[in-house]
Amino acid sequence: MSKTLFEKVWDEHVVDSPLQEAARREALAESGLADHEEMLGERQVLLYVDLHLIHEVTSPQAFEGLRQAGRSVRRPDLTLGTVDHNVPTIGRELPNPDPLSAKQIEVMQTNTQDCGVTLYDIFDERQGIVHIIGPEQGFTQPGMTIVCGDSHTSTHGAFGALAFGIGTSEVEHVLATQTLRQSQPKTMSVEVTGELGPGVTAKDVILAIINEIGVHGGIGHVIEYRGEVIRSLSMEGRMTICNMSIEAGARAGLIAPDETTFEYMRGRPKAPKGDDWDNAVERWRQLPSDENATFDREVVIDGSRIRPFVTWGTNPSQSVPIDGIVPHPEEVPVAQRESVERALTYMNLTPGTPIRDISIDRVFIGSCTNGRIEDLRAAAGVIDGKKVANGVNAMVVPGSGLVKRQAEEEGLNDVFVAAGFEWRDAGCSMCLGMNPDILMPGQRSASTSNRNFEGRQGPGGRTHLLSPEMAAAAALAGHFVDVGEGPDEVPA
């Protein structure tokens with residue numbers, strides 16, 4: 001029987017022994033979910049979890065729950081912790097100015113030490129955004145199941161791993177049992193054909209996909225990204241694609257492993273070595289979807305028609321190509337008009353305004369979407385020898401300490417600083433406004449992150465999502481420009 005990549009990974013991880021099935025039924029009965037499962041017509045199964053990633057924001061309650069129940073962490077060797085969401089990105093040698101951040105970091109240190117869990121702490125060079133350090137260290141591998149109390153865990157699907165975010169109670173369950181109850185999602189294929197044009201990046205591809213299918217298009221599905229465009233992307237680009245699967249409503253996103261995957265992984269600290277590497281690669285080659293595998297839904301997008309995208313609204317599907325305009329509410333389907341009108345009011349935009357005419361106050365290059373070395377190189381390539389526009393505050397936040405070190409070894413930090421950018425330490429930073437790096441009310445940002453919801457980067461802040469190259473160009477111009485039109489479009 002032909003199977004998709006998702007079905008192969010899922011089936012390999014279902015814990016279906018009679019003993020486990022009895023335990024599942026008992027757990028459902030105790031939790032009161034048995035009737036709920038029957039009502040939905042869904043059979044939940046126990047999935048074995050290969051890698052559990054944790055950070056300082058969604059894990060404290062889970063560890064406390066373990067203590068109260070007298071339980072321990074079942075597999076500390078399969079659990080990796082870091083601090084990223086609420087850490088300061090400047091002045092770390094000074095006392096933490098945020099009491100909540102300081103407390104969360106302290107609690108994370110205590111919890112991981114008490115339970116024997118590896119922690120990349122705030123002064124560890126390997127510290128960074130949880131979805132960057134997993135692949136960087138080689139923890140993330142094809143065919144795995146990976147969970148984290150963070151919605152953008154889908155990033156790891158770029159390696160052919162089934163990776164998804166979970167809630168705090170589920171974090172506790174995985175810590176205690178190394179398993180998780182789940183209902184099997186449907187499958188969806190998104191094929192991007194052809195070749196990308198000048199200035200078009202992986203970020204533009206995923207924004208175009210979300211623009212096409214909407215923020216609800218992937219609900220109930222795991223998306224497998226396929227086609228010539230996807231195959232041509234680097235691993236950094238593939239991680240950008242899978243990272244924003246959740247913004248399309250999907251449970252997870254997957255890309256089949258291939259030679260690009262294996263070359264990226266080769267030699268990383270936690271990747272297999274010697275004969276184990278050869279054996280692992282042989283297994284991983286069997287993971288791609290079978291030729292005759294069928295999907296519950298299929299979408300095809302012509303990659304040659306994708307242009308650099310910029311969001312104008314308050315969800316990631318509210319976007320247009322750089323040469324587009326802010327839409328008129330009466331031009332969109334009736335069901336969308338209310339949300340469009342609200343977005344226009346919040347973003348303080350007038351219908352019909354060309355995207356190029358929108359001025360910005362802040363630029364943020366970083367996040368688990370675009371904080372890798374390839375992203376920083378691309379942005380530096382646009383900026384080199386130029387200056388940030390008057391009145392624009394721009395910052396670069398590497399995704400990990402190792403990304404920061406590599407960028408500094410390559411001189412990228414000098415390029416950014418000479419242009420007028422702030423160069424920061426690793427962390428989630430302005431992506432989510434859970435730390436001092438936030439927008440002030442009314443400020444407008446060009447951001448390489450993944451969400452543009454109301455208040456996402458600070459109460460009253462207005463966020464436009466775009467690629468690192470487009471963000472860099474906007475920093476220089478003070479408004480949105482098209483990097484695909486060549487150097488004359490970007491101010492000297």
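1. Leaving out residues up to four places away in sequence, Ile129 touches Asp84, Ser367, Cys368, Gly399, Gly427 and Cys428. The model under review is a predicted one. Ile129 sits in the loop that runs between β5 (118-120) and α6 (130-137). Its relative accessible area is 1%, so Ile129 counts as buried. From Ile129 to Pro272 the separation is 143 residues in sequence and 23 Å in space, C-alpha to C-alpha.

2. The largest nonpolar core comprises 73 residues, of which Ile209 and Tyr225 touch the most other members. The element that gives the most to this core is helix α8 (residues 202-213), with eight residues. Apart from neighbours within four places in sequence, Tyr225 is in contact with Val190, Ile206, Ile209, Ile230, Ile241, Cys242, Ser245, Gly253, Leu254 and Ile255.

3. In soluble globular proteins, nonpolar side chains tend to be buried together.

4. How do helix α15 (residues 373-383) and helix α17 (residues 412-419) cross? Their axes come within 10 Å, at an angle of roughly 45 degrees. α15 is therefore oblique to α17. The crossing of α15 past α17 is left-handed.

5. On the α15 side, the contact is made by Ile373, Leu376, Arg377, Ala379, Ala380 and Ile383, and on the α17 side by Leu412, Val415, Phe416 and Ala419. By class, the residues of this contact are nine nonpolar, no polar and one charged.

Note on methods:
Residues numbered from 1 in each chain as written. Predicted model: local features only at pLDDT ≥ 70, side-chain atom pairs only at ≥ 80, totals over all residues. Heavy atoms only, no water. Core = buried A, V, L, I, M, F, W, Y, C linked by side-chain atoms within 4.5 Å. Buried < 20%, exposed > 50% of the residue type's maximum accessible area, 1.4 Å probe, protein only. Helix = DSSP H or I, 4+ residues; strand = E, 2+ residues; numbered from the N terminus. Contact = heavy atoms within 4.5 Å. Axes fitted to C-alpha atoms, helices over the stretch in contact; angles between N-to-C directions. Parallel < 35°, antiparallel > 145°, perpendicular 65-115°, else oblique. Left-handed = near helix turned anticlockwise from the far one by under 90°. Nonpolar A, V, L, I, M, F, W, Y, C, P; charged D, E, K, R; others polar.
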